Amino acid sequence: MQQMILDVDTGIDDALALMLAVRHPGVNLRAVTCVAGNASLEQVVRNTLTVLDAAGAGDVPVAAGANRPLLADAHPAAHVHGVDGLADLGLPASTRQVVPLHAVELLRREILASPTPVTLVPLAPMTNIALLVRTYPEVLANVERIVFMGGSASVGNATAVAEFNTWHDPEAAEIVLTAGVPITMYGLDVFYAVTIAPAEIATLAASAEAGAQLTGRLLQHLVTVKGGEVRVAGDGHGDIGDAGAVCAAIDPVGLTTVHVPVRVSLADPLTRGQTVVDHRTAGHEQDGAADNSSRRIDVALGVDGARYARLFVETITR
Ligand code: BDR
Ligand code: CA
């Protein structure tokens, strides 16, 4: 059983990711930690608990973490995710409670308690994870890999060059990328490439089962949303966004990656939050510059979209 923890800013895509992680038979979702990002921390917590209800999750501990980035101001993305951060569907409030711990403490507890090393899947600005790295670096020994949604080796979405999560808290991203743990960057180069066909979305939305129905309705929202972010090609397919990073954590064979140094732009206002991917050294792990070798991570440049779409739909509807 794969031991997994999600760090989320639920948010539509994060809702899809939660649904997948809860329902996959090979995953033990040990905890969910919340951070400000797509929506305020309070909304993220509310949405996360609501989605866990719809997903039919057992007693998964949820904790609230950072309510703002380390240095920057918060910038919720209501234009994409709706005013409530969850497509304004008017979902019922959950009666679940968060655990009375800061997210960093819950992360520490669950990582240390895990019988096998944990896969940590941050799907949001990495403020909580950076705080964990700085506060309890020793727990990283029981982290198998960090598979994060964020960054880009090409274009950005929050700015011309920066992806939203790394742009929202660039300092946190830089701390995590240099933490010394194996890392997979599931960025914008693959983010939109796992899509669900219109007929399948309609079937999900019409389902009598709460989790499948919510999944379909959220995908429908993504298909119609406009704003700074172009989410669909216009043919009615909806991408599963952050849920693709959970697919990558479960089934890494579906990814094509390069193992190269990555830095986060911090000081330049024009490029702040950009993940600067040094493609020059791809395939030359042994003879790369020594000062960059510790910065190598696995950057996803390609994805088998059909494989992950199948994994997603089969898991949601099982
Ligand atoms: C990221 O920002 C949000 O829109 C998504 O949840 C994802 O984590 C994409 O840039
Ligand atoms: Ca997210």
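Helices here are DSSP runs of H or I with at least four residues, and strands are runs of E with at least two, both numbered from the N terminus. With that in hand, welcome to this predicted model. Counted this way, the protein has 13 helices and eleven strands. Its radius of gyration is 18 Å, close to the 20 Å that the globule rule gives for 318 residues, so the protein is as compact as a globular protein of that length.

The table gathers some overall values for the chain.

| Property of the protein | Value |
|---|---|
| Box filled by the C-alpha atoms, along the principal axes | roughly 55 × 45 × 35 Å |
| Share of the 318 residues that count as buried | 55% |
| Share of contacts between residues at least 6 apart in sequence that join residues at least 24 apart | 81% |

Nine of them form an open sheet with mixed pairing, in the order 3-2-1-4-5-6-11-9-10. Strand 3 and strand 10 (275-277) stand at the edges with a single partner strand each, so one side of each has no neighbour in the sheet. On average, neighbouring strands of this sheet are turned by 30 degrees against each other, direction ignored.

Strand 10 is worth a look in your viewer. Strand 9 (residues 255-264) runs antiparallel to strand 10, and three bridges join the two. In one of the pairs, valine 262 has valine 277 of strand 10 as its bridge partner.

Helix 11 (residues 243-250) packs on the sheet, where the strands it touches include strand 1, strand 5, strand 6 (183-186) and strand 11 (296-303). The direction of helix 11 makes about 155 degrees with that of strand 5.

**Helix 4**

Which residues of helix 4 (residues 103-113) are buried? They are Ala103, Val104, Leu106, Leu107, Glu110 and Ile111. These residues cover an arc of only 160 degrees around the axis, which means that they lie on the same side of helix 4. What covers them includes strand 1 (2-8), strand 2 (27-34), strand 3 (62-64), strand 4 (118-122) and strand 5 (143-149), together with helix 5 (127-135).

**A cis peptide bond**

One last stop is a loop. Most peptide bonds are trans. In this model, however, threonine 10 and glycine 11 are joined by a cis peptide bond, with omega about -10 degrees. Where does glycine 11 lie? Glycine 11 sits in the loop between strand 1 and helix 1 (12-23).

Technical notes
Residues are numbered from 1 along each chain as its sequence is written. Chains are lettered from A and ligands numbered from 1 in the order in which they are written. This is a predicted model: local features need pLDDT of at least 70, side-chain atom pairs count only at pLDDT 80 or more; totals for chains, interfaces and linings use all residues. The radius of gyration is taken over C-alpha atoms; the globule rule is 2.2 Å times the number of residues to the power 0.38. A residue is buried if 20 or more other C-beta atoms lie within 10 Å of its own, exposed if 12 or fewer, and partly exposed in between; C-beta atoms are placed from the backbone. Two residues are in contact if their C-beta atoms, placed from the backbone, lie within 7 Å. The arc is that of the directions from the helix axis to the C-beta atoms. Two strands pair if DSSP finds at least two bridges between them. Axes are lines fitted to C-alpha atoms, for helices over the stretch in contact, and angles run from 0 to 180 degrees between N-to-C directions.
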